[in-house]
Amino acid sequence: QLGAILAVVVIFWHKIFPFSFKKNESHIKKDIFLLWAKIIVATIPAALIGLPLDDWMDEHLYNYQVVALALIFYGVWFIFLEKKNSNQTFAINEVSQLSYKTALGIGFFQVLSLVPGTSRSGSTIIGGMLLGTSRTVAAEFTFYLAIPVMFGASLLKIFKFGFIFSASELGIMILGMLTAFLVSLFSIRFLMRYVKTHDFKLFGLYRIV
């Protein structure tokens with residue numbers, strides 16, 4: 001997860017870093033501070049609902065039946081939503097147009113990813129589109145939202161596991177982070193290019209299969 005977070009930061013650096021060091025520019029980018037405020041608002045449901053239920057969900061729902069049903073259900077939902085929106089225009093076509101209310105709504109959809117097989121990005125993208133965002137905005141905001149959520153989840157797991165690592169365990173973790181970083185760089189860039197000219201029907205079929 002930490003490798004994936006780093007990839008998000010590298011790709012969207014110019015859009016999420018709130019300070020500027022260029023001449024003739026304000027050193028503080030107010031629009032990016034507002035974006036981070038919306039990201040924090042969107043993480044509230046996951047923090048209040050997700051953290052207490054996370055272990056319970058894994059213990060009671062982490063089995064192949066639930067995972068398979070979730071994959072199929074959200075695949076069908078993606079296809080249905082794309083067909084429904086095929087001739088509609090989206091009200092929100094830029095991340096800056098997101099309201100705090102919409103950001104909070106996307107945050108509640110993120111809680112659905114507690115169900116194994118759902119996928120955090122899948123639930124938030126569907127939530128964003130249902131709340132009036134374009135595919136590009138939904139996907140982009142999903143990646144921004146991943147930064148605090150995945151960092152918090154990673155930190156929680158480290159606390160549960162402990163900070164004592166053997167040399168081999170530390171090497172495996174670093175290798176895993178590097179692999180996740182490289183794969184995420186490719187995957188995120190591909191997805192952001194893809195959603196500009198394609199819908200999510202193929203992704204829905206992929207989930208069902």
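This report walks through the overall fold, the nonpolar core and a few individual residues of the structure above.

The model is predicted, so local features are described where pLDDT is at least 70 and side-chain atom pairs count at pLDDT 80 or more, while totals for chains, interfaces and linings use all residues. Residues are numbered from 1 along each chain as its sequence is written, and side-chain values use heavy atoms, with hydrogens and water left out.

**Overall fold**

Let's start with the whole chain. The protein has 9 helices and 0 strands; helices (H or I, at least four residues) and strands (E, at least two) are DSSP runs, numbered from the N terminus. In sequence order the pattern is α-α-α-α-α-α-α-α-α. The radius of gyration is 18 Å, close to the 17 Å that the globule rule gives for 209 residues, so the protein is as compact as a globular protein of that length. Here the radius is taken over C-alpha atoms, and the rule is 2.2 Å times the number of residues to the power 0.38. Along the principal axes, the C-alpha trace spans about 50 × 50 × 30 Å.

Of the contacts with a separation of 6 or more, 77% join residues 24 or more positions apart; contact means heavy atoms within 4.5 Å. Buried residues account for 40% of the 209, where buried means under 20% relative accessible area, exposed over 50%, and partly exposed in between (1.4 Å probe, protein chains only).

**The nonpolar core**

A nonpolar core is a set of buried Ala, Val, Leu, Ile, Met, Phe, Trp, Tyr and Cys residues joined through side-chain atoms within 4.5 Å. The largest one holds 39 residues, and Phe12, Phe141, Tyr144 and Ile188 touch the most other members. Elements giving two or more residues to this core include α1 (2–11), α3 (30–61) and α8 (167–197). Its largest share, 10 residues, comes from α7. Leaving aside neighbours within four places in sequence, Phe12 is in contact with Glu140, Phe143, Tyr144, Ile188 and Met192.

**A covered helix**

Helix α6 is mostly covered, with 9 of its 11 residues buried. Among them are Arg120, Ser123, Ile125 and Met129. The buried residues of α6 pack against α4, α5 and α7.

The table sets out their relative accessible areas.

| Residue | Relative accessible area | Class |
|---|---|---|
| Ala42 | 0% | buried |
| Ser119 | 26% | partly exposed |
| Gln97 | 43% | partly exposed |

Ala42 is found in helix α3. Beyond its neighbours within four places in sequence, Ala42 is in contact with Ala103, Leu104, Gly107, Gln110, Phe141 and Leu145. Tyr62 lies 20 residues from Ala42 along the chain, and their C-alpha atoms are separated by 25 Å.

Gln97 sits in the loop between α4 and α5. Not counting residues up to four places away in sequence, Gln97 touches Ala91 and Ile92. The C-alpha atoms of Gln97 and Leu35 are separated by 9.7 Å, with the two residues 62 apart along the chain.

Ser119 belongs to the loop between α5 and α6. Phi of Ser119 is near 85°, a positive value in a residue other than glycine.
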